[in-house]
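Hi everyone, thanks for making time.

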There are 2 protein chains.
Amino acid sequence: MSLFAGIDEVTDPDVLASLSHDEAEWAPVGRAVAAVRPRSTEEVARIVAGCAERGLSVVPRGAGTGLSGGANAVDGCVIVDLSKMTAILEVDADNMICVVQAGVVNNDLKAAVAKHGLWYPPDPASSPWSTIGGNVATNAGGLCCLKYGVTRDYVLGLTAVVGGPAGDYGTVARLGRRTTKGVSGYDLTSLFVGAEGTLGVVTDVTLKLRPARKEPPRTVVGAFGSVVSAGEAVAETTRQGLLPAALELLDRATLQAVEEWKHLGLSADAEALLLAQIDTPGAAGAEEAAAVAGAFTRAGALWAEQSTDEVEAEQLFAARRLAYPAMERLGPVLTEDVCVPRSAVPGMLAAIEEIGARHQVIIATIAHAGDGNLHPLIITPAGDDAARVAAQAAFSEILEKAIAAGGTVTGEHGVGLLKRAGMRQELSPAVLAMQSAVKRTLDPLNLFNPGKVVGEP
Amino acid sequence: MSLFAGIDEVTDPDVLASLSHDEAEWAPVGRAVAAVRPRSTEEVARIVAGCAERGLSVVPRGAGTGLSGGANAVDGCVIVDLSKMTAILEVDADNMICVVQAGVVNNDLKAAVAKHGLWYPPDPASSPWSTIGGNVATNAGGLCCLKYGVTRDYVLGLTAVVGGPAGDYGTVARLGRRTTKGVSGYDLTSLFVGAEGTLGVVTDVTLKLRPARKEPPRTVVGAFGSVVSAGEAVAETTRQGLLPAALELLDRATLQAVEEWKHLGLSADAEALLLAQIDTPGAAGAEEAAAVAGAFTRAGALWAEQSTDEVEAEQLFAARRLAYPAMERLGPVLTEDVCVPRSAVPGMLAAIEEIGARHQVIIATIAHAGDGNLHPLIITPAGDDAARVAAQAAFSEILEKAIAAGGTVTGEHGVGLLKRAGMRQELSPAVLAMQSAVKRTLDPLNLFNPGKVVGEP
């Protein structure tokens, strides 16, 4: 018997298990009652209404590439797998916007709008797999948000299946607008972006697009004798008012892991590499690239140069994107996502090294360094309980250090389950109370993804 | 006797009257009990706590340049005039951010950060007078938001004096962050931006800055035989993927009114002018300017050329900024603020002409045309009641047309009092119920600027 007439339902226990979690290591996973695969907003509305009637929680998910447990099942929930909602409903090239269903994969969206000479900038490393709905749920960032902003900066409007004050659970609410500007009422669209499905289920999204870039970007590579001196170069680049499209850091451990896996021919001849991508066109771009290389050199780079080999440059960025799966091959990876002011990057990188050494855990660091968004990856041998305890202690200390440096516990991965305690350290009781009040008033039954974000740890 | 010990209070009836309204024509103005001029967040907190105890509404205001009545007094309120809170608390050049009190004037902020080689882009036409707090309250736009975004895009965090779930009224809540990215909990910062003081009183703001532009921008001017053909040029420019820093429209009535007042030497030899500002540096900027001029020509411009005279170019933009006060000299001005998809700009401009002719009202149109944000200014002779009725009918019809074109009733001025009915036409009952629920839960006493935005018309 299916729960919802005419809607695809997963009952196979193995498939249900695989749909019950995301990529977050050591986040608790509950037992779902079922997983459903709707194809339309109307089907999602029926699912939510039915769940409300039966008192079943609703846990939405996209591709499950999240790193904070935001898509993990809770006991007795229905998982709403939106990955079959892959329609690109509209590309309005005249107005540089598109409307897509939540299950469209980020790279598929990019390809679809590229045919119209347009570009959707947000590019989380998961872009070959992650869905726009998931990107919206976590307000995903990526490499080029240094210059071009994060997912929230591109979401003009969205359709969500909601409950609470909007009417019965299962009500379809169209938030936001199609225009470039608009201040008609409170910005509920921004509230839903990053809410990880705790306020309703987002079924389609209206996105702002940009004109496609006309020239291939330039790449500047800098090699450093320590991650801390690479951090100094990041601070110096910002101080000079330089705004590359991307400014990424990879440490030696990361480069080695990628090379061992993929044999891209990378040489890890330094403790850290910085990769800057500059997409300003023409001579101004050449000047900007030279200025970035100059900032790297002044900060103590072993060498810094503009890559003249496009293939090599692309391989370096490919290495950056492959870093996470490459490290996962070595054992369970606990992924940090702290974001600190850019001037605090060197100090934060030094603190991470110190914490890793003291707890005797292996930490490989990749970073959207230009944003101050650091992803130390804590790797533990599988099945080693002592290592796991040490890793979790290091994880907590890194969060504390980031807060003390004026930063946040999550730059782009979301609170989910893993950052709930950290968020409670970061935000004041007054702000936490406001957060919870918003959740209660928009979801009085606590039906939508309960326990996540503002849920009690 | 003063209401709040040690806090400046205005009792002079004339000054109180002048602090009781903004620049919105024909918006209702209530009778305030008093106006206070706090100098710190702590003083605002005492005011809000005192008002809650005594059951007095709190109406915050900056410079009073708003155009929707958002800062108008309501009966029995205390006006909280934040214009004395003018401290620039911090300019952190290394991280390209600043922290300023709510009363800092937009242009003063621009000047302060320019000393550090930085730039705060949002530039409402009111920037010589309007405050950052007011800009935040309405999510102000301006000329260069076409390329650089609106106020919300620059607000990383803010301090607000709140009530409700955060604790007693008078609680100080620090929302948001100092980092470029962050997803720790719901985006309450974005919720407060554009909320017009209905959720709490914003006392200071943490703003993202950009590096200062290094070259003077280029200006392309196009003259058109009708506002509709100017609108076609806007649509064509967008269609070509061109993104000037600004793309402004002025019609003949506006140019004449400015010239009669300021004698800038403008010649109104066309029915409409388009002014494009291009700030891409170097040769790429020259190409972009040529492409914009080409788009104007293809759309039927009488002439289109890059201005080679910087003084002339600056005067054209000055005319744009002076348009509103110039029209006000001719009589009460009812200012529209609709925003439509850019492809709908020509049709919307034609509809505005038709509506003006049918109601026999004078409508001068200025527009942030590149954003689709149109400001038809409806001018009535002072004291002419029939003209006023006709103007209000035209105003309502323009709102209806904008909604029908897929647009919004307010692009950047806010709902205030004047757009409450329009907002109710634009948003669905479900969305309105969510808006009201958010207001109720964050301000259960309905103390903050009651009746505005989601308040009942």
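Okay, find β6 in chain B, and then strand β10, residues 201-208 of that chain: the two run antiparallel, and five bridges join them. If you want one pair to look for, B:Ile97 has B:Lys208 as its bridge partner in β10(B). And keep in mind, please, that what you see is a predicted model.

In case strands are new to you: strands in a sheet pair through backbone hydrogen bonds, and they can do that parallel or antiparallel.

Now zoom out a bit. β6 and β10 belong to an open sheet of five strands in chain B, in the order β5-β6-β10-β8-β9, with antiparallel pairing. Which strands are at the edges? Those are β5 and β9 of chain B, and each of them pairs on one side only. From one strand to the next, the twist averages 10°.

Here's a part I like. A helix from the other chain, α14 of chain A (residues 429-442), packs on this sheet. That helix touches β8 (155-162) and β9 of chain B, and its direction makes about 75° with that of β9(B).

Let's compare that with another sheet in chain B. This one is open too, with four strands in the order β1-β2-β4-β3 and mixed pairing.

The size of an interface is often given as the accessible area lost when the parts come together. Between chain B and chain A, the buried area is about 6300 Å², and carbon and sulfur atoms give 63% of that. On the chain B side, B:Lys181, B:Val183 and B:Tyr186 lose the most area to chain A, together 15% of what that side buries. As for residues, 77 from chain B and 76 from chain A take part in the contact.

What about charges? Side chains of opposite charge can pair when their charged atoms come close. Over all chains, the whole structure has 40 salt bridges, and eight salt bridges are found across the interface of chain B and chain A. One to show you is A:Arg239 with B:Asp94, where the closest N and O atoms are 3.3 Å apart. A:Arg239 sits in helix α7 (residues 227-239) of chain A, while B:Asp94 is in the loop between β5 (88-92) and β6 (97-101) of chain B.

Polar contacts turn up as well: 24 residue pairs across the interface of chain B and chain A. Several elements give two or more residues to the chain B side, including β9 (171-176) and α7 (227-239). The largest share, ten residues, comes from α14(B). By type, that side of chain B divides into 36 nonpolar, 27 polar and 14 charged residues.

That's my tour, so over to you for questions!

Definitions and conventions: Residues are numbered from 1 along each chain as its sequence is written. Chains are lettered from A and ligands numbered from 1 in the order in which they are written. This is a predicted model: local features need pLDDT of at least 70, side-chain atom pairs count only at pLDDT 80 or more; totals for chains, interfaces and linings use all residues. Side-chain values use heavy atoms; hydrogens and water are left out. Contact means heavy atoms within 4.5 Å. Buried area is the accessible area (1.4 Å probe) that two parts lose on being put together, summed over both. A salt bridge is a side-chain nitrogen of Lys or Arg within 4 Å of a carboxyl oxygen of Asp or Glu. A polar contact is a pair of N or O atoms within 3.5 Å; within protein, one must be able to donate a hydrogen and the other to accept it, and residues adjacent in sequence count only if both atoms are side-chain atoms. Ala, Val, Leu, Ile, Met, Phe, Trp, Tyr, Cys and Pro count as nonpolar, Asp, Glu, Lys and Arg as charged, and the others, Gly among them, as polar. Two strands pair if DSSP finds at least two bridges between them. Axes are lines fitted to C-alpha atoms, for helices over the stretch in contact, and angles run from 0 to 180 degrees between N-to-C directions.
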